[in-house]
Amino acid sequence: MMPRHVDGNALAGPLSDLFAFDVTCASGRCVGCGDVTVLARAMVYEDEMGFVARCHLCDSMLLTVVRTADGAWLDLQGISGLHVAL
Amino acid sequence: MGIISRGFSGRSREHNPDLPPGQYLAEDFPVLSAGPTPDIDTADWSFRVQTESGKQYTWSWDEMQALGLEEIHTDIHCVTRWSKLGTSWRGISLDKIFAGIETENAYVMAHSYGGYTTNVPLEDLLDGKAWIATEYDGEPLDPEHGGPARLLVPHLYFWKSAKWVNGLRMMETDDPGFWEQNGYHLYGDPWLEQRYW
Ligand SMILES: [Zn+2]
């Protein structure tokens, strides 16, 4: 494996247009391994097609962000819960 | 030689008839990917086609190469707007792979090492339109470009040419693959600019 990722703070940019809170400070539960951790710790891969964040422990896909012509697609398929400090 | 000005060479890149709408010519070959690059030894590589009956057809690396490599010269068009014209590949025609396969299904989900998927109609994989590519520009396909083998379906946007491909699963309906679930077009014809839903 040749890692080519950056840390979860890279999500702040693409997700700041979608959420009023700083999503990198939110905690998510990984569907793959159950780990609960702040998204800033995720491994973020910037594909040409979009952003993919993976669990720092088990490498499962946590979320995907795709910017399209008229908006953004957010898929939280790998996060079973998101805790936002208010 | 070399004195003729650019004006005499005819068309500007914007008017290049080989460029689909909204594309520009790329000099390099971007290699970003959605996960760690899988490191697959050809000795461990295998390729599987699974049909609706549950039957599985498998090929080892050597068995796949024994089907025969073809030279492929083609343009490729990425949905992120770069195109590369006149690329050279070698690969195994999917016509050879499907020659002995019985299926009534019209759709295919391509699967890759690393879990990536993409959907393609079967007819887009047949009649000399698609390959399992194992060489690029005269060299074995390197892992960053999807090696040891990637799907090559150059008449569709390049995300359909799944990197690190390891199998095809026949489908009754045109179910969306990984990027297609997340906003990208189900079919992806570059000449019709089918980028997003
Ligand atoms: Zn995990």
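Start where the two chains meet: 21 residues of chain A are in contact with 25 residues of chain B, contact being heavy atoms within 4.5 Å. Before you click further, note that this is a predicted model, in which local features need pLDDT of at least 70 and side-chain atom pairs count only at pLDDT 80 or more, while totals for chains, interfaces and linings use all residues. Residues are numbered from 1 along each chain as its sequence is written, chains are lettered from A and ligands numbered from 1 in the order in which they are written, and side-chain values use heavy atoms, with hydrogens and water left out.

Stay at the interface for a moment. About 2,200 Å² is buried between chain A and chain B, and carbon and sulfur atoms give 62% of that; buried area here is the accessible area (1.4 Å probe) that two parts lose on being put together, summed over both. How many salt bridges are there between chain A and chain B? The count is 0, taking a salt bridge as a side-chain nitrogen of Lys or Arg within 4 Å of a carboxyl oxygen of Asp or Glu.

Next, select the zinc ion. A:Cys30, A:Cys33, A:Cys55 and A:Cys58 coordinate the zinc ion through their SG atoms at 2.3 Å. Donors are N, O and S atoms within 2.8 Å of the metal (3.2 Å for Na, K and Ca), and water is not among the atoms, so sites may look incomplete. The angles among the 4 donor atoms run from 101 to 112 degrees, making the site tetrahedral; for four donors, that label requires all angles to lie between 85 and 135 degrees. Along the chain, the donors are spaced C-x2-C-x21-C-x2-C. Colour by accessibility and A:Cys55 comes up buried at 2% relative accessible area, while A:Cys58 is partly exposed at 30%. Buried means under 20%, exposed over 50%, and partly exposed in between (1.4 Å probe, protein chains only).

Now for the greasy bits. The largest nonpolar core has 42 residues, and B:Phe47, B:Leu94, B:Ile97, B:Leu125, B:Leu168 and B:Trp179 have the most contacts inside it. Such a core is a set of buried Ala, Val, Leu, Ile, Met, Phe, Trp, Tyr and Cys residues joined through side-chain atoms within 4.5 Å. Among the elements that each supply at least two residues of this core are strand 6 (61–68) of chain A and helix 2 (94–98) of chain B. Helices (H or I, at least four residues) and strands (E, at least two) are DSSP runs, numbered from the N terminus. Apart from this core lies another, of 14 residues, including A:Leu11 and A:Val23.

Over to strand 8 of chain B, where you'll find B:Thr134, buried at 3% relative accessible area. Leaving aside neighbours within four places in sequence, B:Thr134 is in contact with residues including B:Trp61, B:Arg90 and B:Pro148.

Click on B:Pro148 next: a cis peptide bond joins B:Gly147 to B:Pro148, with omega at about 10 degrees. B:Pro148 sits in the loop between strand 9 (139–140) and strand 10 (150–152) of chain B.

Last stop: B:Asp137, in the loop between strand 8 and strand 9 of chain B. B:Asp137 has a positive phi of about 55 degrees although it is not a glycine, and is exposed at 54% relative accessible area.

Notes:
Four donors count as tetrahedral if all angles lie between 85 and 135 degrees; four count as square planar and six as octahedral if opposite donors are over 155 degrees apart and all others between 65 and 115; anything else is irregular.
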